[in-house]
Amino acid sequence: MTCLDFQNSDPTHKNFQYLEDLATAYWYSEVLFASLELNLFEHLDKEGVTIDGLSHVADCHGDALFRLLRALEKMALVARYGDVWFNTSLASFCLVPGKETYMGDFFLYRRYMQPNWSRLACRVSRKERLSRDCDDSAALEKISNKDYRARNLRYVTAMDTLVKEKARNIAQILKSEPLKGPFLDVGGGAGSMLRALLPLIPQCNAVLFELPEVIEAAHELYPETSDWNCIETMEGDFRSHSFDEKFGVVMLSNFLHAYGPQEARELLEKAISLLSDHGVILIHDYFPDRAGKNPEKGALYDLTMMLNTYNGCCHEARDIARWLKSGGMTPCEIIDLDTDTSLMVAGGSGKAGDPLKAWINIARNHGFERAVGISPDTVVTAPWVRKKCQWGCDGFGKNLQCPPRGMSHKETREMIDSYETLILLEGTPPGKAFHEKLLALEKTAFMAGFHKAFVFGAGPCTLCPRCSDDDTCRHHDLARPAMEASGIDVYETAARAGVRLKPVQKKMDYVKYMGLLLLK
Ligand SMILES: C[S@@+](CC[C@H](N)C(=O)[O-])C[C@H]1O[C@@H](n2cnc3c(N)ncnc32)[C@H](O)[C@@H]1O
């Protein structure tokens, strides 16, 4: 992440997500403050440390510490290779006590100002009620003790506002999925997910299953009979309730994160057991391991669950996919929404969503940080690129995949123009692992019927320590040309695709590797 999403926002395209990012901006600062308070950057700076080692020296709970580090990683303040965690250069420069460049105390000072921020409205307001609250140190306490019913209604209304935004996007993704009813929405809040999805399924009845107080609030929020067309509300606790019927679709939207892994898995298994033949499970949630539109949100949401619930946590999509598979639910697709959550579709046709978006998701599932669908004219080729290899790179002439060998920019142009759909891929070092991911993605595309699938990589070939002396590559099957070695202006191509690249300034700086999949 180069800057916070909302800082990057285009004033002409401000939307719901912009406001949601503003509303959760304090999560970012809390992660920074807590990490400074725990002295994590100091412990991480000496050399790489494992979670066990760090929890020992910093005296932390290993599980909670892992969740905090994962959020820091998404915010580009720590990095990990395998099991070993360390500071990024920014953290090492500014956040390690004792260094001349340390600024942690300054950032912590920002935190001391924070409690007063919660009184901003009453400070500004002339309303008597608010001004009184402003002087009253028990203001928050008073609010939290207000009538439970009113608070519950506020909570249900807030959830409903959010889910309405998501439901439109989910309906779009599912519009070509052949779903059959009846539809069960477990923990479905005030029912807006059902209102958005039911029109996709002809003559479908639905059950909104919720805790009694939420059902009561839902009817208060939606008092009209027409709001409940084809929707029956059913009160109960999903953990213990026994159902008399089977369902064609079971939706768990923002539900599993209320529970720890063991319970979440059992609840998912119960949901699977409620499906009729060929039934589909839909899971919509925040996933810490997804690199969607807002890659850090899942990890930050997980911390919110850690702080605000008994044992809630955002489960990784790959864990849920494993649970689904062992429950017999295949195929399982994962589609990132246009906002900050993702949708898992298990047991469906395997073709939910738009085909290009599906390939972008497949690319992300192969471990790329980002994947952007582009057309051939986004790729810029130029004669100067290979000349920069000749005058400026000490690898020139030493590698069989690098200039002066390989394709000229004209040959590359010709090749790229013979495709319609390309995917630009962003990853991280090490180069060998990046190359392996590219090859795996190319193979997946080929096996899926894209017979022209071909990848361009980044940097000198990493397959062998040294190329053979007889000028013949030992691995024509596995070697692929790098983008720049083929005359592609990677910086300009990335910029046109909306990916910011800048020259690496220092040795430990965050490095982005770019690759390119020619799909069809
Ligand atoms: C975060 S809200 C999500 C609401 C809605 N599905 C959405 O996506 O916005 C989780 C909902 O699950 C409900 N819930 C949690 N545990 C439940 C249980 N054991 N049985 C029934 N409902 C439950 C809560 O009442 C709450 O409304």
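Biologist: Which domains does the domain assignment of the protein chain give?

Modeller: Please keep in mind that this is a predicted model. The assignment divides the chain into domain 1 (5-102), domain 2 (150-353) and domain 3 (370-518).

Biologist: How many residues of domain 1 are in contact with domain 2?

Modeller: Contact is judged by C-beta atoms within 7 Å. Here 13 residues of domain 1 are in contact with 13 residues of domain 2. The centres of these two domains, taken over C-alpha atoms, are 30 Å apart.

Biologist: Which elements give two or more residues to the side of domain 1 that touches domain 2?

Modeller: They are helix 1 (16-23), helix 2 (25-37) and helix 5 (62-74). Helix 5 contributes the most, with six residues. By class, this side of domain 1 comprises seven nonpolar, two polar and four charged residues.

Biologist: Which residues have the most contacts inside the largest nonpolar core?

Modeller: A nonpolar core is a set of buried residues joined through C-beta atoms. The largest one has 84 residues, and those with the most contacts inside it are Phe183, Val250, Met251, Ile281 and Met344. Helix 11 (residues 148-174) supplies the largest share, six residues. Domain 1 and domain 2 each provide at least three residues to this core.

Biologist: What does Phe183 touch, residues up to four places away in sequence not counted?

Modeller: Its contacts include Leu194, Leu197, Ile201, Phe247 and Met251.

Key. Residues are numbered from 1 along each chain as its sequence is written. This is a predicted model: local features need pLDDT of at least 70, side-chain atom pairs count only at pLDDT 80 or more; totals for chains, interfaces and linings use all residues. A nonpolar core is a set of buried Ala, Val, Leu, Ile, Met, Phe, Trp, Tyr and Cys residues joined through C-beta atoms within 7 Å. A residue is buried if 20 or more other C-beta atoms lie within 10 Å of its own, exposed if 12 or fewer, and partly exposed in between; C-beta atoms are placed from the backbone. Helices (H or I, at least four residues) and strands (E, at least two) are DSSP runs, numbered from the N terminus. Domain bounds come from an automatic or database domain assignment. Two residues are in contact if their C-beta atoms, placed from the backbone, lie within 7 Å. Ala, Val, Leu, Ile, Met, Phe, Trp, Tyr, Cys and Pro count as nonpolar, Asp, Glu, Lys and Arg as charged, and the others, Gly among them, as polar.
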